[in-house]
Amino acid sequence: MKQVYLTGITTTGTPHLGNYAGAIKPAIKASQRADTENYYFLADLHALIKSYDPEAVQQSRLEIAAAWIALGLDTDKAVFYCQSDIPEIPALTWLLTCQTAKGLMNRAHAYKAVVQENETAGSADPDRGITMGLFSYPVLMAADILMFKAHKVPVGKDQVQHIEMARDIAQRFNHHYGEHFVLPEAEVDDSTAVLSGLDGRKMSKSYNNTIPLFVPEKKLRKLIMRIKTNSQEPGEPKDPEGNTLFEIYQAFATPQQAEEVRQRYAEGIAWGEMKQYLFEHLNSILNEPRQHYEALMAEPEAIAKVLARGAEQAREQSAGFLAQLYKAVGIAPIR
Ligand code: TRP
């Protein structure tokens, strides 16, 4: 039986190096295997949780779609679609919501982080600024995954809890209504899955510390030169573990190339030299995709066509499966 791989990227902001390392790279690699089936999508319904700026969401949908294609996703091999084009996903979200313990959602990191911030800020209401969208975000994500019976979900480490929640929710549904759902597993590549950003914290749109995948060469160089380093001198042996420059290099390198750079760290490569080296390496890899990306961005109709076909393919699974699930819960045509 084929292994089903599925992952999504939330369409807020411009695609960045972290998206590549956590989702795009492992997903494309999986799609090149003969023993896999692949579903990759733009999580635009998830975007509405974080962004109330319609133009930004629309622009990001286009950019993230173009990035997947420019980086080499073969849309003949993978089903590539927009979450919002699959109306069965919000419908499934409701079925799952009715099986999800509120206490489980109380434990979600993303929700807890905001509660924590409110408490630190001395707010009288710990739920201040928290919508039901944010609170039940993991249920929508579970619907994304369970709808396509995914076995493996390539994600960054920060998303692992959400996959575990999807399993919990699936198990509960299966327990009540029969074995409908496959229990998914996160696939985290430890070496590359969460990249640090310019300031050393996790590379994330929320921290405004990202390096976009497709900026002009000059700008890319400038951003890399801005990455925070410590005060170690040239010639001093340096530890590659947890070093932002090394992490980024490794995400774009073969194991052998990474090994060579490890060696150079041991020999005391200067930070300035490493930055230049990283820039040249990234630029050589991103040069061609960058041109492809720019061509795609100039022709949104071509992207729309690819996504429309993907949605059609995805609905071959989702329409029939939702009907089966409705029937399982007692909502079937009356005759
Ligand atoms: N929550 C993920 C993120 O912010 C994006 C996402 C939405 C996703 N649905 C998904 C990832 C389903 C994997 C599977 O990165």
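His 16 sits in the loop between strand E1 (3-10) and helix H1 (17-31). The model is a predicted one. Is His 16 buried or exposed? Its relative accessibility is 3%, so His 16 counts as buried; the cut-off for buried is under 20%. What does His 16 touch, leaving aside residues up to four places away in sequence? The contacts are Met 203, Lys 205, Thr 210, Ile 211, Pro 212 and Leu 213.

Asn 208 comes next. This residue is found in the loop between strand E5 (185-187) and helix H10 (217-226). Asn 208 has a relative accessible area of 70%, so it is exposed. The cut-off for exposed is over 50%.

Lys 149 also has a positive phi, near 50°, and is a residue other than glycine. Its place is in the loop between H8 and strand E4 (152-154). Lys 149 has 28% relative accessibility and therefore counts as partly exposed.

Now to helix H8 itself. Helix H8 covers residues 137-147 and packs with helix H9, residues 160-177. Two packed helices are described by the angle between their axes and the distance between the axes. For H8 and H9 the angle is about 75°, and the axes are 9 Å apart. The two helices are therefore roughly perpendicular to each other; angles of 65 to 115 degrees count as such.

Which residues meet there? H8 brings Tyr 137, Pro 138, Val 139, Met 141, Ala 142, Ile 145 and Leu 146. H9 brings His 162, Ile 163, Met 165, Ala 166, Ile 169 and Ala 170. By class, the contact of H8 with H9 has twelve nonpolar residues, one polar residue and no charged residues.

Which residues of H12 are buried? They are Ala 258, Val 261 and Tyr 265. Seen down the axis of H12, these buried residues fall within an arc of 65°, so they line one face of the helix. What do they pack against? Their partners are helix H11 (244-251) and helix H13 (271-297). Just after H12, Gly 268 takes a positive phi of about 90°.

Definitions and conventions: Residues are numbered from 1 along each chain as its sequence is written. This is a predicted model: local features need pLDDT of at least 70, side-chain atom pairs count only at pLDDT 80 or more; totals for chains, interfaces and linings use all residues. Side-chain values use heavy atoms; hydrogens and water are left out. Buried means under 20% relative accessible area, exposed over 50%, partly exposed in between (1.4 Å probe, protein chains only). Helices (H or I, at least four residues) and strands (E, at least two) are DSSP runs, numbered from the N terminus. The arc is that of the directions from the helix axis to the C-beta atoms. Contact means heavy atoms within 4.5 Å. Axes are lines fitted to C-alpha atoms, for helices over the stretch in contact, and angles run from 0 to 180 degrees between N-to-C directions. Angles under 35 degrees count as roughly parallel, over 145 as roughly antiparallel, 65 to 115 as roughly perpendicular and the rest as oblique. Ala, Val, Leu, Ile, Met, Phe, Trp, Tyr, Cys and Pro count as nonpolar, Asp, Glu, Lys and Arg as charged, and the others, Gly among them, as polar.
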